[in-house]
Amino acid sequence: MAAAAANLAGRPGVRVVVIGDPGTGKSSLVVAVATEQFPENVPKVMPHTRLPADYFPDRVPITIVDTSSSPEQKPKLIAECQAADAVVLTYACDRLSTLDRLSSYWLPELRRIQLKAPVIVVGCKLDLRDDQQNSLEQTMAPIMQSFREIETCIECSALRHRCLRSSTTPRRQCFTPQLLYLIKRRNL
Ligand SMILES: Nc1nc2c(ncn2[C@@H]2O[C@H](COP(=O)(O)OP(=O)(O)O)[C@@H](O)[C@H]2O)c(=O)[nH]1
Ligand SMILES: [Mg+2]
C-alpha cells in the first residue's frame, strides 16, 4: 500500500480519495465531513482537506482528496487512487443511473488500474432518496458479491446530517467509523 509505506517513512497520515460521477455530492461530502456544515456553494473540486487532528481518539491525521471525473483529469484521478489508503466511491441516492455506473464503470475501472486500497461505497443525498426504493442492503448485496474490494457501504446526507441506519447519528459519527475501522484493520 503506497501511502501506508510512505507513512512508515515519516509522511504522516492516511489519504482518503473521493471519486464518483459528477454531481453525486463528492465535494459537498468533503466539506460536510470536515466542517459539519453543508456548503451552499462548493468549488468543483475541493483542495486537499485535512481533518481536524482530534477527529479520532488515536489522532490519526487524515487527508481527504476530492477529485474531478472529467476526462482530462483522468490521469490525475488514477494517480490519486494509486496513492490512496482508502477510496470513497460515491453515487447519488436520487439518481439510480449513478448507482448503475458503479458496476458498469467505476468498479471495473478500479480493477483495471489494480487498485489495492479498500473501497467504501457512499450513497450521497440520502434526504432525496425515494422511500419506495429497495433498501441499501438489497441494492448493494449483488454489487458487493461481484466486487469483493468493497469493504463497506453507507448512505448519508451531507445536507440533513444523517446516515442511513440512524436518523439521529451525525454525519461525522456515521462516516468516520468506516474509516477508523479500515485504519485499524489495515494497520495504516
Ligand atoms: N439535497 C442534497 N443535495 C446535495 C447533497 N450533497 C450535495 N448536494 C447537492 O448536489 C449538487 C452536486 O454536489 P457536489 O458536491 O458539487 O457534487 P460533485 O460534483 O460530486 O462534487 C450540489 O447542488 C449540492 O448542493 C445532499 O446531501 N443533499
Ligand atoms: Mg466536486
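Q: How much of the chain counts as buried?
A: Of its 188 residues, 36% count as buried. Keep in mind that this is a predicted model.

Q: OK. How many helices and strands are there?
A: There are 6 helices and 7 strands.

Q: What pattern do they follow along the sequence?
A: The pattern reads α-β-α-β-β-α-β-α-β-α-β-β-α.

Q: What share of the contacts links residues 24 or more positions apart?
A: Such pairs make up 69% of the contacts in the chain with a separation of 6 or more.

Q: Let's go inside. How many residues are in the largest nonpolar core?
A: That core has 41 residues. V16, V18, V87 and V121 have the most contacts inside it.

Q: Why is β4 described as largely enclosed?
A: 7 of the 7 residues of β4 are buried, so the rest of the structure largely encloses it.

Q: Which residues sit on each side of β4?
A: A86, V88, T90 and A92 are on one side. V87, L89 and Y91 are on the other. Both faces are covered, and all of these residues are buried.

Q: How many bridges join β4 to β1?
A: There are 5 bridges, and the two strands run parallel. V18 stands opposite V88 in β4. V17 stands opposite V87 in β4.

Q: What about β4 and β5: how many bridges there?
A: β4 and β5 pair over 6 bridges, in the parallel sense. T90 stands opposite V122 in β5.

Q: Which way do they point?
A: V14, V16, V18 and G20 point one way from β1. R15, V17 and I19 point the other way.

Q: How many bridges pair β1 with β3?
A: β1 and β3 pair over 5 bridges, in the parallel sense. The bridge partner of V14 in β3 is I62.

Q: New topic: ligand 1. Which residues come nearest to it?
A: G25, K26, S27, S28 and L159 do, out of 16 residues around ligand 1.

Q: What classes make up that shell?
A: The shell around ligand 1 has 6 nonpolar, 7 polar and 3 charged residues.

Q: Which element gives the most to the shell?
A: Helix α2 (residues 26-35) does, with 3 residues.

Q: Is α2 mostly covered or mostly open?
A: α2 is mostly covered, with 7 of its 10 residues buried.

Q: Which ones are buried in α2?
A: K26, S27, S28, L29, V30, A32 and V33 are. K26, S27 and S28 were also named among those nearest to ligand 1.

Q: What follows α2?
A: E36 follows α2, and the phi of E36 is positive, near 65°.

Note on methods:
Residues are numbered from 1 along each chain as its sequence is written. Chains are lettered from A and ligands numbered from 1 in the order in which they are written. This is a predicted model: local features need pLDDT of at least 70, side-chain atom pairs count only at pLDDT 80 or more; totals for chains, interfaces and linings use all residues. A residue is near a molecule or strand if its C-beta atom, placed from the backbone, lies within 6 Å of it. Helices (H or I, at least four residues) and strands (E, at least two) are DSSP runs, numbered from the N terminus. Ala, Val, Leu, Ile, Met, Phe, Trp, Tyr, Cys and Pro count as nonpolar, Asp, Glu, Lys and Arg as charged, and the others, Gly among them, as polar. A nonpolar core is a set of buried Ala, Val, Leu, Ile, Met, Phe, Trp, Tyr and Cys residues joined through C-beta atoms within 7 Å. A residue is buried if 20 or more other C-beta atoms lie within 10 Å of its own, exposed if 12 or fewer, and partly exposed in between; C-beta atoms are placed from the backbone. Two strands pair if DSSP finds at least two bridges between them. Two residues are in contact if their C-beta atoms, placed from the backbone, lie within 7 Å.
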